[in-house]
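Student: Could we go through this structure together, asking at each step what lies behind the words that describe it?

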Amino acid sequence: MESDELVIQPGSAEPIYRQSAQQLRRLIASGRLSSGDEIPSVRDVAGRHAINPMTVSRAYGQLELEGLLERRRGKGMVVAPVRGRAQSPDRRLQQLQPLLEELSRQARELGLPADSVIEKLRALWETE
Amino acid sequence: MMNAVSPSNIPDSHDYPVICRNLRKRYGGGFGGIKVLDDVSFSIPKGAVLGLIGRNGAGKTTLMRILVGLLMPESGSAMVLDEPAAYLTDAAKTRLGYVPQEPQSLSWMTVEAMLRFVSSFYPKWDHDYMWNTLMRWEIPPSRRLAKLSPGQRQRVALIRVLASCPELLILDEPASALDPVARRDFLREIAVRAGEAGTTVLFSTHIVSDLERVASHVCFLHEGKLLLDTPMDDLKETHARMCLSREAAAAVSGRLPGELARRRRPDGGMSIVLTRKGLEAWPSAVTAGGGTLEALNLEDLFIEVTDHPGAAWFRK
């Protein structure tokens, strides 16, 4: 993968670390990046997009925590094997975290009580 | 907020190349004087890139001139690289790079002569960087500084401080006269140096998009007061604008928790800028009916908290 495949929009209301993490998640989920693929170094991404390296590190760190990336000696960051990714339910749940946050935010803005949203979700789940 | 400095919590000066406490400065003196800095306290952790945003006349230049020892504050203290800013030793000065808004010094010299002369004062001078950047930024080395355009002169001044490989960079509106290519180049240089060499950077700007890329921390300076001092990534997640319909606005009494600014809208509604700690829930007024919550980018936020007469009542 090359650094310029990431799209960075500094003026967006979404912080840059989230933008980058989210794009990598999607690339991995869609199979465009597969296990063992190298991820560009923090320096590369920061230099290419003229963004702060700490921001890039933060995105990588988060994906590492989610089990999507792992650090390989001498190789930098690579996409983690699928097996490692699927291990713990906690980790899998964590992948839904941004969606859940967004859902709860929107539900709150609409003035919906949590119970009604959960009920709806359960109903959807059971019809799948 | 990680940078807030209270007397009981004085950061270790080794980890903070800049520590300011209660800086005050007035021009004109006496009671009639204009407050340029009003009780400004902040510190910059090593390796951070702090973007200082403020409108013209907000006090940015004054603050920077105090930090490099060109101005004395009326009261308060400024420590830079572990020394009082007003009395920096020569050793500390070689570790500090400052670019004023309109660099003028040594203007009778040619670009090359000036850079060679200046390089002799800096043990870590990077000649490769100097020549490469002169070429990339299209500066004729044999031209006299006085004959350069203001933009070219600013570029030379940036090359001069960056080639000296300082530990602390203080840049007053550094990108204002750069074209988009040179600007991106310059931002990239700052980003990479902060990450790799641990260079600490303070730069002022009103070009907010530059700051969104490269800054790790943001301060708003408005009418001499520091309105906001936050890590960049958190800023967008901890601030939002709540828009209320006329009915919902009527139900709001008094200040909301976390309120930074509010504005009446022409339709009788109201928009209120809110801040929260971490990712805790927004105040329930949002859900009270007729309220929506909008994310803000940096420019929106800056305008919201500074573009109305009551802005200065808000103090962090």
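Tutor: The contact between the chains takes 26 residues from chain B and 21 residues from chain A, where two residues are in contact if their C-beta atoms, placed from the backbone, lie within 7 Å. This is a predicted model, in which local features need pLDDT of at least 70 and side-chain atom pairs count only at pLDDT 80 or more, while totals for chains, interfaces and linings use all residues. Residues are numbered from 1 along each chain as its sequence is written, and chains are lettered from A in the order in which they are written.

Student: Why is α1(A) called oblique to α3(A)?

Tutor: The axes of α1 (residues 16–29) and α3 (residues 53–65) of chain A come within 8 Å and cross at roughly 45°. Angles under 35 degrees count as roughly parallel, over 145 as roughly antiparallel, 65 to 115 as roughly perpendicular and the rest as oblique, so α1(A) is oblique to α3(A).

Student: Which residues of α1(A) meet α3(A)?

Tutor: Among them are A:Ile16, A:Tyr17 and A:Leu24.

Student: How is chain B divided?

Tutor: Chain B has domain 1 (18–223) and domain 2 (236–313), with bounds from an automatic or database domain assignment, and the C-alpha centres of these two domains of chain B lie 34 Å apart.

Technical notes:
Axes are lines fitted to C-alpha atoms, for helices over the stretch in contact, and angles run from 0 to 180 degrees between N-to-C directions. Helices (H or I, at least four residues) and strands (E, at least two) are DSSP runs, numbered from the N terminus.
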